[in-house]
Every structure is written in structure tokens, then in C-alpha cells.
Amino acid sequence: VSVTTIRDTMVNLDAAGKPLRPIILFVDQRKAECKKPLPPLPRALLKLVGMGEIVQIQRRVTNSNWIKEQEPEIWEKTDKYVMISGYLTYMLTGIMKDSTASQIGHIPIDNRKNVWMKKSALLYSVFDIPRSKLADLVEPGAVIGKITLKASEETGIPEGIPVIAAGSDKGCETVGTGCIDRESASLSFGTLASVQLYTEKYVEPLPFMPCYPALIKGSFNPEIQIYRGFWMLTWFVKEFAAKERAEAETTGEPPEEILNRKMQAVPPGSDGLMLQPYWTPGLTSPEGKGAIIGFSDVHTRIHLYRAILEGLNYGLLDGLRIMEKRSGNKVKSLTVSGGGAQSDIVCQLTADMFGVPVYRVQTYETSGLGAAMVALMGIGRYKDMREAGKAMVRRCEPFVPDTESNKIYESLYNDVYKKLYSRLKPSYTAIRSIMGDSVK
């Protein structure tokens, strides 16, 4: 058995290992006040390197800081503060340990060394969680324990089966798509859209942004995210697609797939309509907003739908190009997963925009597949993750880029999209100044 769960989702446990409050999901919008400033030295050093505002944002969206302020009695009773993966592993084995590859969130983890930060670390005070409240860590593939009698009675899993340390949903997804070399990248088309690379060295995807541990020992997955991702299609369906929603009730298919077919009538580049997908700003662009430019009288709501998909891919392409430069990787193929990747039309659009072949594998549940690969490696079925990948990951026929479409997208990306943020940033800053902002 192995466990993979969503990231940045923590559980407060009492001394008996029982949850003290409902978990706060990674998409939650509550924010701590953090009126007390950081200690003088880290505050000065972080401000010096231009991280002052970004760190303050991180402090405010750290759920443990919110709990300390709003529910101090809960924090006082908290014996362990663990990832949901650590909690589920504990429920299965009775042992409070978790994988290093699952520790991705607002916690004091040293991602370079895969150990908990020392109190003297520059960023420790951002989270300020005592080591005694955190789980012990093991590497992916390690045997954490075995299914207990109680867990067996509650789940039906036979008692005594080993429980193997795996990793986060995205880490498992990346290896589950076969992205385990420097010439491929993994795209995730989920609520949060992201692009990850595989590297053998620690490479920050953006300056001062952490590089996440991979499921392969001694390797890493630098990642750039678009926070609202394919949620934007859900937003579009809700606000602009009443016709397709009604049609979907008759046909039984998702309204997004109906829209995907309709957008094929719109040419590559959406007749000049371009979208910057920052409906939620990124950590290094706290003033960021979404933007749509290039409207003319030819545009319809279907153009807007296609522009959203193209905008998400422009954002991911931008992230990939940045990480290629920082890591020295040269990506020659893409793997895709997540709900959006189930569409042939979306996959072909992605190939056309990135200019490289796009692969799906035999299942869209690639997080589960990656976790299964780690489990079988952990019990010795395979000697390492590469052998597991060769045996278990089956890539489907690739979506090959259309040369003419790619030329259009390359020109729009280089001549328009890459310049959008810098040119709109003063306007975004002015909007925030006039209208206020939830994060100061």
C-alpha cells in the first residue's frame, strides 16, 4: 500500500492522534493577520533581496499562523501538525512518519536537503512550527510500517501488508506520466495548472522559490504554477455557457467537451484575442491581475473560451522556458495529465503551442499510477523508479504539432505574450492601490 494526497493540506492531531479540527484545504482563502513582525535579522535580509512582500504573503496564507491567531486553544492542544498523507499513513500503520516527497506546503522544510529547518534558518520564522509537532521523515520507497489489525478491519486491506512512503499527488503524477528524464516535462491540467521538470540538481524555478523533492532519490521537480488553472474553464461554463450546459444535460457529456468541439472553428490565436491567466496572482507577482486584449467585432464567446485555453498554455510555456534556462534542460516532449488532458482537442492545441510532441499514458489517474510504482519499488519488485516506469508506464500515440499553427503561436508568444506583464504591471499596481488588496 502507498498513499498519495493533495499538497499543502495539514491535520492538527492531539496526543491521542485524533484530529482537533477540520482540515483547511490548499485552495482556502482565509488569511492570518500576522501583525507581529518577523525577527529583525531575517526581516532585514529578506527585504534586502526583494522578498519582503512575498514573505509577508506567505506568512498570511500559512494556515498554522491563522490557527494560532483564531483558534489558539486548538494550537495549544496540537501534539502533531502533519500532512494529510502523514495522518492517513498513521491511521494505516499506527506510526507517525511521512515521505519527504509529500512535504510540500507552508511548513518549515528545507527542500534542498529534505530535512526540517533549524530555528536559525532564514525562513523558519515565517512558519514557526516546533520540530516536536512535525512528523518524522523517510525517503520515498521506504517501508513505514504495516497495516494494523484495526486498519484491516476498517478498510478490508489484509493485516500485515507493508505501507510504502510515496509522495505528493503532483510528484506521483509526474513519474506516473513517465517524466523521469531531462528531455521531458510534465503538464498538469487540473484546478491548479502546472509544469514540472526532472533534474538531478536543486534548481529554483524562480529566484527564492523552492524546488520540490522528486520521487527518485537525489532528484528534484522544479515547478511553476498557474493557481486558477483549469478552474477558469469552470468559471467560463458557469458565467457564459448556459447553452452548452443545457446541451450537456441532454447528451450526458461535459459542457467543456462541447465547447472544445465548437472552438475548433476558431483559428489558432483566436483572431488576435489574447489572455493573461492571472485570475489569482502568483507569489512573485503579488500585484498581478488577469487581462484580455485584442478584442474586435469578429470575436464571440467561443473565441474567449479558446483564448482561455491558449492563455493557460502561454502561461505554462512561459514557465517552461524560464525553467529550461535555469536548469539547462532542453525539453523535447511533454506528458499531460489531469482532467483537461482527457480531451484530444486540448492535447492537440497544446502540441501546436509548445511545438513538441504531447503524450498521454494509459490512465488519466497518473498520481495513483506513480504511487503504485513507488510501492512496487519499495517491496523490491523493481530496483528503481526508472525500471518501474519502463514496466508500468505505457505512452499512447503522441499528438504531433502542426507546423503552421506553431509558427503563429510562437510569434504571438514572443511578440505579445512575453511583453504583456511588464507593460501592464503599472496598471495592476495602480488598481491595487486604488481598490485595495486582501494581502498587504
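Axes here are lines fitted to C-alpha atoms, for helices over the stretch in contact, and angles run from 0 to 180 degrees between N-to-C directions. I keep in mind that this is a predicted model.

**Entry: H10 and H11**

I started with helix H10, residues 242-251, and helix H11, residues 255-263. Their axes come within 8 Å and cross at roughly 115°. Angles of 65 to 115 degrees count as roughly perpendicular, so I log H10 and H11 as roughly perpendicular to each other. The crossing of H10 past H11 is right-handed.

Next I looked up who touches whom. From H10 I list Lys243, Glu244, Arg245, Glu247, Ala248 and Thr251. They meet Pro255, Ile258, Leu259 and Lys262 of H11. By class, I get five charged, four nonpolar and one polar residues in this contact.

**Entry: H9 and H11**

H11 also packs against helix H9, residues 231-240. The angle is about 90°, and the axes are 10 Å apart. H9 and H11 are therefore roughly perpendicular to each other. H9 brings Leu233, Thr234, Phe236 and Val237 to the contact, and H11 brings Pro255, Glu256 and Leu259. I sort this contact into five nonpolar, one polar and one charged residues.

**Entry: H12 and H16**

How do the axes of H12 and H16 cross? I find roughly 80°, with the axes coming within 11 Å. H12 covers residues 301-327 and H16 covers residues 403-435. This pair is therefore roughly perpendicular as well.

On the H12 side I note Arg306, Glu310, Gly311, Tyr314, Gly315, Leu317, Asp318 and Arg321. On the H16 side I note Tyr409, Glu410, Leu412, Tyr413, Tyr417 and Lys418. The contact holds six nonpolar, six charged and two polar residues.

**Entry: the second largest pocket**

What is the volume of the second largest pocket? I read about 280 Å³. Its lining includes Cys34, Lys36, Pro37, Leu38 and Pro39. Arg59, Asn65, Lys68 and Glu69 are also among the lining residues, as are Ser125, Val126 and Asp128.

Which helix gives the largest share of this lining? H3 does, with three residues. Helix H3 spans 63-70 and helix H6 spans 124-127, and each supplies at least two lining residues. By class, I divide the lining into five nonpolar, five charged and two polar residues.

Conventions: Residues are numbered from 1 along each chain as its sequence is written. This is a predicted model: local features need pLDDT of at least 70, side-chain atom pairs count only at pLDDT 80 or more; totals for chains, interfaces and linings use all residues. Side-chain values use heavy atoms; hydrogens and water are left out. On a 1 Å grid over the protein atoms alone, a cavity is a set of points where a 1.4 Å probe fits but cannot get out, and a pocket is an open set with protein on both sides within 12 Å along at least five of seven lines; lining residues have an atom within 4 Å of a point. Grid points are joined across faces, edges and corners, and a volume is the space filled by probe spheres set on the points. Helices (H or I, at least four residues) and strands (E, at least two) are DSSP runs, numbered from the N terminus. Ala, Val, Leu, Ile, Met, Phe, Trp, Tyr, Cys and Pro count as nonpolar, Asp, Glu, Lys and Arg as charged, and the others, Gly among them, as polar. Angles under 35 degrees count as roughly parallel, over 145 as roughly antiparallel, 65 to 115 as roughly perpendicular and the rest as oblique. A crossing is left-handed if the near helix is turned anticlockwise from the far one by less than a right angle, and right-handed if clockwise. Contact means heavy atoms within 4.5 Å.
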